[in-house]
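User: I'm new to this structure and would like a close look at one part of it. Could you walk me through the sheet and what lies around it?

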Amino acid sequence: NNERVLRRIAEILKKFEDYNVTIVGHANRLTDNAQEETVDNPSAWGPALIPLSLRRAQYVQQQLISLGIASSRLSVEGKGGTEPVADTKDRSVNWKNRRVEFILNK
């Protein structure tokens, strides 16, 4: 399903060539530990979320490039778990925080 969505996004971006896109990666914060967002080295609680979310956005960027979107139109950001859209404590919905958003810039 994700591949289908990326193909559709690439089709749309090909029609609107005046737009650039910022790809913003997000991650699901699992603890209340602020270090989780910024530390680059893994520890007992897992890898840092900002680098993880940045890699998530970079992966999507590479997929769009492979689908014919010029790399000069794409930029990436990693927000870690700083902007959740679902309750981080509710395991039934917190997976929604692992996502990529597309911001159109004209």
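In what order do the three strands of the open sheet come, and what is the pairing?

Analyst: Keep in mind that this is a predicted model. Its sheet is an open one, built from three strands in the order β2-β1-β3, with mixed pairing. At the edges sit β2, covering residues 74-78, and β3, each of which pairs on one side only. Going from one strand to the next, the twist averages 25°.

Now take β1, which spans residues 20-25. This strand runs antiparallel to β3, and six bridges join the two. As background, strands of a sheet pair through backbone hydrogen bonds, either parallel or antiparallel.

What about the helix side? α3 lies across β1, β2 and β3, and it runs at about 160° to β2.

The elements giving two or more residues to its lining are α1 (2-15), α3 (49-66) and β3 (100-105). In total, 15 residues line this pocket, and Asn2, Glu3, Leu6, Tyr59 and Val60 are the ones nearest its centre. Sorted by class, the lining has seven nonpolar, five charged and three polar residues.

One last thing, on confidence. The chain's mean pLDDT is 87, with 84% of its residues at 70 or more. Residues 41-46 are a stretch where the pLDDT is below 50, and beyond near neighbours in sequence that stretch has five contacts in the model.

Key. Residues are numbered from 1 along each chain as its sequence is written. This is a predicted model: local features need pLDDT of at least 70, side-chain atom pairs count only at pLDDT 80 or more; totals for chains, interfaces and linings use all residues. Side-chain values use heavy atoms; hydrogens and water are left out. On a 1 Å grid over the protein atoms alone, a cavity is a set of points where a 1.4 Å probe fits but cannot get out, and a pocket is an open set with protein on both sides within 12 Å along at least five of seven lines; lining residues have an atom within 4 Å of a point. Helices (H or I, at least four residues) and strands (E, at least two) are DSSP runs, numbered from the N terminus. Ala, Val, Leu, Ile, Met, Phe, Trp, Tyr, Cys and Pro count as nonpolar, Asp, Glu, Lys and Arg as charged, and the others, Gly among them, as polar. Two strands pair if DSSP finds at least two bridges between them. Axes are lines fitted to C-alpha atoms, for helices over the stretch in contact, and angles run from 0 to 180 degrees between N-to-C directions. Contact means heavy atoms within 4.5 Å. pLDDT is the predictor's confidence in each residue, from 0 to 100.
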